[in-house]
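This report describes part of a protein structure for a reader who has not seen it before. Please look at the sequence and the model first.

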Amino acid sequence: MRIPLISQIGADKRDSDDVALQKVILISVVLASAIAAALWGLVYIAAGAWAAGAIPETYSILSVANTVLFGMIRRYQVYRFTQLMLILILPWLMTISLGGFHNSSAVILWSTLCPLGALVVHDLRTASRWFWAFLILLASCAPLQSSGGSASLPSSMVTLFYVLNIGCVLSLVFAMLYYFVDKKNQFQERSEMLLLNILPMEISNILKGEYRTIADQYDEASILFADVVQFTPLARSMSPMELVGLLDEVFMCFDLLVDKYQLEKIKTIGDCYMVVAGVPRPRTDHAHALARLALEMQACVAERDFRGRRLTFRIGMNSGPVVAGIIGRKKFIYDLWGDAVNMASRMESYGQSEAIQITQATYELIKDDFVCETRGTIDVKGSGEMEIWHILGERPDGLKCLPGMAA
C-alpha cells in the first residue's frame, strides 16, 4: 500500500525508515479523522446541538491547519504532540457537551486513537502516559448523567452515532495497524535479505536466537580461492571507481554460479574471491560441486569482456577439515580457519594463469569424475614438496585416462 502524496508532507531526507513510516501513519489518521469530524459536526449542528457540533468542526479546522503548518516547518515532535492532544481532548469535550456516554453515543471512543496511535508513532513510555491520560478523562465522564446534556437528540440519532463512532474508530485503528504491520513486515524482509547476504541462513538463525561464540568443526569441506592475474598493473591503469565497477561485474557473475551450485561465498578480499563447499551445510559431493564451479568460473571469464577488458584468473582448491564461525561482536563476518584453508590459498598463489590447481586431497575425491593433469611437485612455503594437479574438465561417462593425464 503506497500513499505517495501524504508521504511528501513534512518529509525530510534525513528521516529513517521508521520516522518516515510514523509520519505517513499519523498524517493519514489525522486527515481521515478531520474529514469524519467535519461530517459529525454538521450532523450535530443540523440536530440543534450547536455547541457539540462546533467541537468536531474546530478539531477539523485545527487539524488541517496544523498539518499544513507541519508541511511548511517540518517540526515533527511539535506536530505529533499537538495532534495527539487534539485527538485526546476534543472527543472528551463532546462527551461533556452532550451529557455523558449515552447521549454522545460513546464519542469518547475517538480518544482511544490517541494512545493507540502513540504506540505506533511514539515510544512505549510516552504511549503509556497518553493511555493513562485517556483513562483519567474517561473516568471523569462517569458522573455525568447519560440522559442530560445541552441538546436532547432523538434515540434513532443516538443509535446511529453509536454505530458510526464504533465502526469508524475501529476502521481507523485497523487501517493504521494494517499499514504499520505491512510496512514493518517489508522492513523485516529487507533486513532479513541483507542479513542473509552477509551470513548463511543457519548462522543467521543462531544469532537471532542466541548470543554466543559460533565456531563449528567440519571434517569434510573444500575451499576455493580465485584471483585476477596481473591485478596490480590493471589497477594502475584504471581509476578506483572503474576498478570497483569491473570487480563488481565479475563477482556478480561468480555469485550467480555460487547460487547455482548451492555453495557458500565467504568473502572477497580485493580481487580475491573465496568460496567453500560443505559448510555450513555438509554435503558428500563438496569437492565435485566446487570443481564444477571452478570450471564455470573460468569459462565465464574466458568468453566475455568486463568493461572492455579481458581478464584471466588463477584458481586454487583444497579439501580437508575446517573450523567455521564468527568471532567478535561488531561488523563480523562468517569465516574459515584451518590448514586446509591456508593450503587452498597457496594453491591459488602458486598457480598459473587460467589454471585450476588442486592438492592431492582434492584430487583423490574427484579423480574418477574429472580429467586432471599431473603437474609434478612444487615447494610450498611451510609444507615442503607437494604434488599438484590441474583440472581440465569433467569426465564424460566411460572416458578412460588420456596419455599424460592422471586417472
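Predicted model: local features only at pLDDT ≥ 70, side-chain atom pairs only at ≥ 80, totals over all residues.

Residues are numbered from 1 along each chain as its sequence is written, and side-chain values use heavy atoms, with hydrogens and water left out.

Helices (H or I, at least four residues) and strands (E, at least two) are DSSP runs, numbered from the N terminus. A residue is called buried under 20% relative accessible area, exposed over 50% and partly exposed in between, using a 1.4 Å probe and protein chains only.

Two strands pair if DSSP finds at least two bridges between them.

| Strands | Sense | Bridges |
|---|---|---|
| β1 (residues 214-228) and β4 | antiparallel | 13 bridges |
| β4 and β6 (residues 356-359) | parallel | three bridges |
| β4 and β5 (residues 335-337) | antiparallel | three bridges |
| β1 and β3 | antiparallel | six bridges |

A226 stands opposite I315 in β4, and V228 has F313 of β4 as its bridge partner. I315 also has a bridge partner in β6, namely I356. The bridge partner of V323 in β5 is W337. In β3, V276 stands opposite I223.

**Q357 in strand β6**

Is Q357 buried or exposed? At 2% relative accessibility, Q357 counts as buried. Its place is in strand β6. Contact here means heavy atoms within 4.5 Å. Leaving aside neighbours within four places in sequence, Q357 is in contact with residues including I315, G316 and M317, as well as W389 and H390.

**Aromatic pairs**

Rings of Phe, Tyr and Trp (its six-membered ring) pair if their centres lie within 6.5 Å; planes under 30 degrees apart count as stacked, over 60 as edge-to-face and the rest as tilted. The structure holds 10 aromatic pairs. One of them is formed by F81 and W130, a tilted pair with 5.7 Å centre to centre and 45° between the planes. This pair links distant parts of the chain, with F81 in helix α4 (residues 76-98) and W130 in helix α6 (residues 124-140), 49 residues apart. F81 counts as partly exposed at 48% relative accessibility, whereas W130 is buried at 9% relative accessible area.

In the pair of F251 and Y273, the ring centres are 5.2 Å apart and the planes stand at 40°, so this pair is tilted. F251 lies in helix α10 (residues 240-260) and Y273 in strand β3 (residues 272-277), 22 residues apart, and the pair links distant parts of the chain. Both F251 and Y273 are buried. Ring pairs also join F251, F254, Y273 and F313 into a cluster.

**Helix α11**

Helix α11 (residues 286-302) has 17 residues and reaches 24 Å from its first C-alpha to its last, close to the 24 Å expected at 1.5 Å a residue. That expected span is 1.5 Å times one less than the number of residues. Of the 17 residues of α11, 12 are buried, so the helix is largely enclosed by the rest of the structure. Among them are H286, H288, M297, Q298 and C300.
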